[in-house]
Amino acid sequence: MNCWLVFLEGLVPFGQSISLGSLMGFCSGFALKKVGRVAAGLFGALFVLEQALAYQGYITVNWEKAEKDLITVLDLNKDGKFDVKDLNDGYLQCLKVLQNNTAGLSGGFAGGFLLGARYG
């Protein structure tokens, strides 16, 4: 009997991290889904407005400058071009951030996030 009590007491911190991670994940998923809908609508409307203004001749877009500026932001290894190496560097940076946590908190967060995104 005493052995089981010690075992269960050892699981308490793990259970707390799962429940905290689940709650944080649910809130994040719920909020992301709500904010994502609004952002998609807003950016879609802005794109339609920009295209209509460009079609009517009110504005012109310097696509070469836009591409250059975007490549500057996305070029993580600073070699002057956006390629697979940049994607790999970004992936490794994301893994470093995501793996810096306990298994209980991460697992709980992932489950909660999926539920929040589903019901959000």
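Which backbone nitrogen lies 3.0 Å from a polar atom of the side chain of Asp86? The backbone nitrogen of Asp83 does. This is a predicted model, where local features need pLDDT of at least 70, side-chain atom pairs count only at pLDDT 80 or more, and totals for chains, interfaces and linings use all residues. Residues are numbered from 1 along each chain as its sequence is written, and side-chain values use heavy atoms, with hydrogens and water left out.

**Overall layout**

- The protein chain has four helices and zero strands, running α-α-α-α from the N terminus on; helices (H or I, at least four residues) and strands (E, at least two) are DSSP runs, numbered from the N terminus.
- Of the 120 residues in the protein chain, 12% count as buried; buried means under 20% relative accessible area, exposed over 50%, and partly exposed in between (1.4 Å probe, protein chains only).
- The protein chain exposes about 9,700 Å², with carbon and sulfur atoms supplying 71% of it; the areas come from the Shrake-Rupley method with a 1.4 Å probe, and for residues only the protein chains shown count as cover.
- Take the contacts (heavy atoms within 4.5 Å) between residues at least 6 apart in sequence: 63% of them join residues at least 24 apart.
- Ser19 itself is partly exposed, at 44% relative accessible area.

**Two buried aspartates**

- Asp75 is in the loop between helix 2 (63-74) and helix 3 (84-98), while Asp86 lies in helix 3.
- Asp75 is buried yet has no salt bridge, and its nearest side chain of opposite charge is Lys78, 5.9 Å away.
- Asp86 is also buried without a salt bridge, and here too the nearest opposite charge is Lys78, this time at 7.9 Å.
- For those charges, Lys and Arg count as positive and Asp and Glu as negative, with His and the chain ends not counted.
- The side chain of Asp75 reaches the backbone nitrogen of Gly80 at 2.7 Å. A polar contact is a pair of N or O atoms within 3.5 Å; within protein, one must be able to donate a hydrogen and the other to accept it, and residues adjacent in sequence count only if both atoms are side-chain atoms.
- Leaving aside neighbours within four places in sequence, Asp75 is in contact with Gly80, Lys81 and Asp86.
- With residues up to four places away not counted, Asp86 touches Leu74, Asp75, Leu76, Asn77, Asp79 and Lys81.

**Lys78**

- Lys78 is in the loop between helix 2 and helix 3 and counts as exposed, at 63% relative accessibility.
- Its phi is near 55°, a positive value in a residue other than glycine.
- Most residues other than glycine have a negative phi.

**The salt bridge**

- The structure holds one salt bridge, meaning a side-chain nitrogen of Lys or Arg within 4 Å of a carboxyl oxygen of Asp or Glu.
- Asp69 pairs with Lys65, the closest N and O atoms being 3.0 Å apart.
- The two are four residues apart in helix 2, so about one helical turn separates Asp69 and Lys65.
- Asp69 is partly exposed at 37% relative accessibility, and Lys65 is partly exposed at 46%.

**Nonpolar surface patch**

- Leu42, Phe43, Leu46, Leu49, Leu53, Tyr58, Ile59, Val61 and Trp63 form a nonpolar surface patch with about 930 Å² of accessible area together.
- Patches are made of residues with over 30% relative accessible area and no salt bridge, joined within 9 Å for like charges and within 5 Å for nonpolar side chains (Val, Leu, Ile, Met, Phe, Trp, Tyr).
- Helix 1 (residues 2-56) gives the most to the nonpolar patch, five residues.
- Leu42 is found in helix 1 and is partly exposed, at 49% relative accessibility.
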